[in-house]
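Hello,

I am passing a structure on to you, and my notes on it follow below. Please open it and keep it in view while you read.

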Amino acid sequence: MSHLHFPDGVLPVWLWVLGFIIMILIGWIFLRIERDEGIGRKLPLLGMLSALMILGASVEIIPIAYHINLTVISGILLGPSLIFLSTFIVNFILALFGHGGITVIGLNTLILSLEGIFGFIFFHLFFRFFKRLTIAIFLATVIALSISTFSMIGVVGLSSQHYKELIHKDDEAKLFEINIFKKRDFKENEKSEINFSRFMKIILSLGAIGWLLEGVINTLIIKYIYRLRPDLLRIGAR
């Protein structure tokens, strides 16, 4: 849900370039940390979870226009360092399929990484506090998804002036203008405006349903993993 589906050319240049710069810096730091712990033995798990995230992002829940990211689960199993690498791989491949432009790979990597990193942090925090796997994974999922969604909304908000400039370009360009009907429901000189508050309400109302749904799905998956391979969760015995 927090994935930016914008094609190339929509976001201002300064924003997506900054996203790439921050992504490279953070990725370099995380890889240095993970290299000391041994990255080779985790590569099979990284590849499998990246494939699952790509699959989840490709299946949309139509009534609420939502897709399950599975980033929180991947973050719990991989840890903060490798989830960053995994989200980059996922966003790069999705961009090649037209699931967002090439220029938003950096920002999408940062946004989705927040889900995995905060999911990892809150899962272990809530498990220590409640001592219940179900509560820990559900709360961690909902909170992590809400954080990443608000960060996505923040990115859109930073670009709002750029959208207005695109819409209000020279009339000769006829940008975003649809000349289908002769009779118009608006005045000829009336300008379209970006209603950011309406955008927030739609995203948060539909997103909240998705957070709860993904929280339930993640809970069932994590409980199944705990039965088979509790060592992957690194939480010890309940």
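**What I found inside**

The largest cavity has a volume of about 70 Å³. A cavity here is a set of points on a 1 Å grid over the protein atoms alone where a 1.4 Å probe fits but cannot get out, and its lining residues have an atom within 4 Å of a point. The volume is the space filled by probe spheres set on the points, which are joined across faces, edges and corners.

Before you go further: this is a predicted model, where local features need pLDDT of at least 70 and side-chain atom pairs count only at pLDDT 80 or more, while totals for chains, interfaces and linings use all residues. Residues are numbered from 1 along each chain as its sequence is written, and side-chain values use heavy atoms, with hydrogens and water left out.

Which residues line the largest cavity? Among them are His-3, Met-53, Asn-69, Val-90 and Leu-112. Helix H2 (43-57) and helix H4 (80-96) are the elements that give two or more residues to this lining, and H4 gives the most, with 3 residues. Helices are DSSP runs (H or I, at least four residues), numbered from the N terminus.

**Helix H5**

Buried means under 20% relative accessible area, exposed over 50%, and partly exposed in between (1.4 Å probe, protein chains only). Just after H5, Lys-131 takes a positive phi of about 60 degrees.

**Aromatic rings**

The whole structure has 8 aromatic pairs. Rings of Phe, Tyr and Trp (its six-membered ring) pair if their centres lie within 6.5 Å; planes under 30 degrees apart are stacked, over 60 edge-to-face, and the rest tilted. Trp-16 and Phe-20 have centres 6.1 Å apart and planes at 85 degrees, so they are edge-to-face. Both lie in helix H1 (residues 13-37), 4 residues apart.

Phe-126 and Phe-130 make a tilted pair, 6.0 Å centre to centre with 45 degrees between the planes. Phe-126 is buried at 15% relative accessible area, whereas Phe-130 is partly exposed at 34%.

**A charged pair**

How many salt bridges does a search of the whole structure find? It finds 1, between Asp-231 and Arg-229, whose closest N and O atoms are 2.8 Å apart. The term means a side-chain nitrogen of Lys or Arg within 4 Å of a carboxyl oxygen of Asp or Glu.

Happy exploring!

Conventions. 1 Å grid on protein atoms, 1.4 Å probe; cavity = no way out; pocket = protein on both sides within 12 Å on 5 of 7 lines; lining within 4 Å.
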